[in-house]
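Please keep the sequence and the model in view while reading.

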Amino acid sequence: EDAANLFALQKYGNIYSRIGNPTVAAFEERIASLEGQIEAERAKLPVGETTREVGGNRVTYTVNAEHNPTQVDLYLTEIPPSKKRSSEENRMTAEVGRSGGRGRDTREERDNGGHIAGFQFLHEQGLINQFPQNEDFNQRVFNEIDGEVRQWVGQGAHVHTRFTIGDGDTPETRTWGGKRPSHVTVQYEVTDPKTGEVIYRT
């Protein structure tokens, strides 16, 4: 009778199945806890514009009323010395990826926690510079864009990159439409610092 009640889910207990496995239950509780932490940390992000500088580089984040970054303007004049990511940065990136709710089997379906403005240009900026994004987009498309921008800056040019995240006409009214953005647009403009002339624009 006890076994029948357990399998019918009328009584809580451990049974030899994925339903009542204490390891699975603990894992599910841990994931829920981590997702709650990300939501709590996002709620602390300041609404409006936040500007930060790393060496000669500057970034302005615009955060909407839902505490999600919806526009990021990155101004690059140099490549800072390389820096290793901290364990805290890696933890947050993993949790942001899980918060998107797409833990699928294939790269085309799975989410990563990814930086908006590249880590190599700004180093650690915290949650304001991360969002859940498709793994292929994160590891292929974003890397290609960062590589192009790095080449321009390495040649002495200045680059302004604008990341538009979500749907809406303005950064203030733009929304993600869920736990992860529905749209992301990346544009950049390359300027000759000696003349101020725009020499390339996407």
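## Aromatic rings

Rings of Phe, Tyr and Trp (for Trp, its six-membered ring) pair if their centres lie within 6.5 Å; planes under 30 degrees apart count as stacked, over 60 as edge-to-face and the rest as tilted. The model is predicted: local features need pLDDT of at least 70 and side-chain atom pairs count only at pLDDT 80 or more, whereas totals for chains, interfaces and linings use all residues. Residues are numbered from 1 along each chain as its sequence is written, and side-chain values use heavy atoms, with hydrogens and water left out.

The whole structure contains 5 aromatic pairs. One of them joins Phe137 and Phe142 in an edge-to-face arrangement, with 4.9 Å from centre to centre and 65° between the planes. Phe137, Phe142 and Phe163 are linked by ring pairs into a cluster. Phe142 is buried, at a relative accessible area of 5%, while Phe137 is partly exposed at 21%. Here, buried means under 20% relative accessible area, exposed means over 50%, and partly exposed lies in between (1.4 Å probe, protein chains only).

## Helix α5

Helices (H or I, at least four residues) and strands (E, at least two) are DSSP runs, numbered from the N terminus. Helix α5 covers residues 135–154, 20 residues in total, and reaches 27 Å from its first C-alpha to its last. This is close to the 28 Å expected at 1.5 Å a residue, where the expected span is 1.5 Å times one less than the number of residues. At Phe142, α5 bends by about 25°; the bend is the angle between axes fitted to the seven residues ending at a residue and the seven starting there.

At the start of α5, a side-chain oxygen of Asn134 comes to within 3.0 Å of the backbone nitrogen of Asp136. Just after the helix, Gly156 takes a positive phi of about 100°. The buried residues of α5 are Glu135, Asp136, Asn138, Phe142, Ile145, Asp146, Val149 and Val153. The elements that cover them include β3 (69–76), β4 (111–115), α4 (119–122), β5 (130–134), β6 (158–165) and β7 (184–191).

## Thr70 in strand β3

Thr70 lies in strand β3 and is buried, with a relative accessible area of 0%. Which residues does Thr70 touch, not counting residues up to four places away in sequence? They are Thr62, Asn64, Phe163, Thr164, Ile165, Pro171, Arg174 and Trp176, contact meaning heavy atoms within 4.5 Å.

## Salt bridges around Arg91

A salt bridge is a side-chain nitrogen of Lys or Arg within 4 Å of a carboxyl oxygen of Asp or Glu. The structure holds 8 salt bridges. Among the residues involved, Glu41, Glu88, Arg91 and Glu95 are linked in a network.

Glu41 forms a salt bridge with Arg91, with the closest N and O atoms 3.8 Å apart. Because Glu41 lies in helix α2 (residues 22–42) and Arg91 in helix α3 (residues 87–99), the pair ties together parts that are 50 residues apart in sequence. Glu88 meets Arg91 at 2.4 Å, N to O; both lie in helix α3, 3 residues apart, about one turn of the helix. Glu95 also bridges to Arg91, at 2.5 Å between the closest N and O atoms, and the two are 4 residues apart in helix α3, again about one helical turn.

Glu95 is buried, with a relative accessible area of 2%. Partly exposed are Glu41 at 23%, Arg91 at 26% and Glu88 at 41%.

Technical notes. Polar contact = N/O pair within 3.5 Å; in protein donor to acceptor, adjacent residues only side chain to side chain.
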